[in-house]
Amino acid sequence: METDSDVRVLGIEGTAWAASAAVYDSASDSVEIETEAYLPDSGGLHPREAAEHMADHLPEVIERIIEYAREEYGPEPFDCVAFSRGPGLGPCLRLVGTSARAVAQRFDLPLVGVNHMVAHLEIGRHFAGFDAPVCLNASGANAHLLGYRAGRYRVLGETMDTGVGNAIDKFTRHVGWSHPGGPKVEEAAEDGEYVELPYVVKGMDFSFSGIMSAAKQEYDDGTPVEDVCCGLQETIFAMLTEVSERALALTGSEELVLGGGVGQNERLREMLTSMCEQRGASFFVPENRFLRDNAGMIAVLGAKMFRAGQTVPVAESGIDSNFRPDEVEVTWRPPEATVTREREEFVQGAESAVTLGDSVEKHRHSRAYRHPELDERLRRERTRQEARLLHEARRQGVSTPLVRDIDTSEMRLTLQHVGRCDLQDDLTSERVETVAEQLARLHEAGLVHGDPTPRNVRVGDRVSLIDFGLGYDSNDPEDHAMDLHVLLGSLESTDGDGERLGEAAVEAYRRVGDEAVLEQLREIAGRGRYQ
Ligand SMILES: C[C@@H](O)[C@H](NC(=O)OP(=O)(O)OC[C@H]1O[C@@H](n2cnc3c(N)ncnc32)[C@H](O)[C@@H]1O)C(=O)O
Ligand SMILES: Nc1ncnc2c1ncn2[C@@H]1O[C@H](COP(=O)(O)OP(=O)(O)OP(=O)(O)O)[C@@H](O)[C@H]1O
Ligand SMILES: [Fe+2]
């Protein structure tokens, strides 16, 4: 665990475009960063050019920081060298590793290998002073939500295809704008009118590919580019804000931090601020110099890891271009306090305000962060869809609450009260198996639940599925497999025994459901996430 001794860390970053070095001094909590950015002449980032950039500029930024630190702190300024171990571009990372080993040898210092995505999270947690926040990492090559449980960061939700920045940059390449595209889209969107684009959220996962093709098509069809940019921002950022809100509701956390280069976007920050305000959560965004790739965040996390004794011998200091945040053993945080949930009459779900009594009133109230047209559309569609699917699922023999009333102008449903608690509060393998069987039955009938997490299942005499707001009709095994993927992911991220429960769910599904769905599930799990 972390001790309070003062440390000074030399940090080195170079996963893709930023050749960067920094010094962090824990006594004054100050960070000095030197960065040389690689800006491609045309097109996107070329791995070979990026590596040449690293080779040309890493040595000089490191020397500048050493010089600064010696002037500021004396001839032997550092206690350790922290470097980005991954994820990122292999050829760039190898140069980072080599440079770090060289400086460590020269000053006879220990090495600390840092996960770049965990650093994007920890820098926010550090400056916010939050204990157990959920983190939205919105960067170029990644987009995911992290929560913490039992010594690891858990991926609560993530992109099913590309990172958010890369998605935006692909669109700007299509319209002929230079890299990076994010800031240009932000500027253009200011003069734009909202256009509708596909909105894709599955549980806490999301995907950008459909939106990006639709955006390119809009542009090719002659829609003014500022309007497409406005539609893109409103859609993509509303999706990221919605899944962040889901993660807050699922984990019970009341703290959110933002990380990653796309976090520099004002509209995204505005939406997250508004969402957190509306639900009474605290929100923190670090300064821009800590959002985009930078060695400062590597040095700050390096200090925490160093104090916890998490150094790495030279022989084991290899890089890992697919390094996932959930692979990191988190030794620098104190054990989390157990959260006990009070029985409440009023639940603020991720989407709705729910009042519990003999009947349950579920009200999808307006979200100030969303564009009014998108807000109206999502609330209306989901309220209608939920009532219809609850009814259809019942007809297939799946236990669901009766729909007593629906009001589509107020976006309100009145439902039968079912169960004594959420599955999350009384998880057993048997119940999870029942959920899997019920999903198989839904899928057989061409229905998809859309968000089958342990908070959307009630347990009592029977096991009932609730909250069909993200449900839809489909006979595609991919969509059915996504339901299972969401279930397994939510089990793994919220319960210590989640993996075993997940296996039980798969076995139960196999007994009743279609083998093609399980095949597709393996395919989804194996998809490369850091392309
Ligand atoms: C693995 C690592 O190499 C990678 N780094 C990375 O993606 O660089 P980062 O600095 O976190 O983010 C860059 C992205 O951030 C976007 N970006 C920068 N300013 C933006 C803005 N104002 N609005 C939207 N996007 C913006 C850029 O278009 C670009 O796609 C990552 O963290 O995923
Ligand atoms: N019919 C019901 N009977 C008993 N409890 C219910 C019922 N409907 C909802 N609840 C309770 O209210 C909580 C929130 O409901 P629901 O999941 O439908 O709302 P939501 O805002 O869509 O939530 P989320 O998106 O976070 O899953 C549930 O987790 C459950 O505890
Ligand atoms: Fe990054």
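Colleague: Which elements each supply at least two residues of the shell around ligand 2?

Modeller: They are helix 7, strand 14 (353-356), strand 15 (359-363) and strand 17 (412-416). Helices (H or I, at least four residues) and strands (E, at least two) are DSSP runs, numbered from the N terminus. Before we go on, this is a predicted model, where local features need pLDDT of at least 70 and side-chain atom pairs count only at pLDDT 80 or more, while totals for chains, interfaces and linings use all residues. Residues are numbered from 1 along each chain as its sequence is written, and chains are lettered from A and ligands numbered from 1 in the order in which they are written.

Colleague: What makes a residue part of the shell around ligand 2, and which come nearest?

Modeller: A residue is near a molecule if its C-beta atom, placed from the backbone, lies within 6 Å of it. There are 24 residues around ligand 2, and Gly 349, Ala 350, Ser 352, Pro 401 and Asp 467 come nearest. By class, this shell has 10 nonpolar, 7 polar and 7 charged residues. Here Ala, Val, Leu, Ile, Met, Phe, Trp, Tyr, Cys and Pro count as nonpolar, Asp, Glu, Lys and Arg as charged, and the others, Gly among them, as polar.

Colleague: And which residues are closest to ligand 1?

Modeller: Ser 139, Gly 140, Gly 165, Gly 182 and Gly 261 are the closest of the 26 residues that surround ligand 1. Two elements give two or more residues to that shell, helix 4 (164-174) and helix 5 (182-189). Helix 4 gives the most, with 4 residues. The shell around ligand 1 divides into 7 nonpolar, 15 polar and 4 charged residues.

Colleague: Why is helix 6 called roughly antiparallel to helix 7?

Modeller: The axes of helix 6 (residues 209-220) and helix 7 (residues 225-251) come within 9 Å and cross at roughly 165°. Angles over 145 degrees count as roughly antiparallel, so helix 6 is roughly antiparallel to helix 7. The axes are lines fitted to C-alpha atoms, for helices over the stretch in contact, and angles run from 0 to 180 degrees between N-to-C directions.

Colleague: Which residues of helix 6 and helix 7 meet there?

Modeller: Ile 211, Ala 215, Glu 218 and Tyr 219 in helix 6 meet Val 225, Val 228, Leu 232, Thr 235 and Ile 236 in helix 7. Two residues are in contact if their C-beta atoms, placed from the backbone, lie within 7 Å. By class, this contact has 7 nonpolar, 1 polar and 1 charged residues.

Conventions. Angles under 35 degrees count as roughly parallel, over 145 as roughly antiparallel, 65 to 115 as roughly perpendicular and the rest as oblique.
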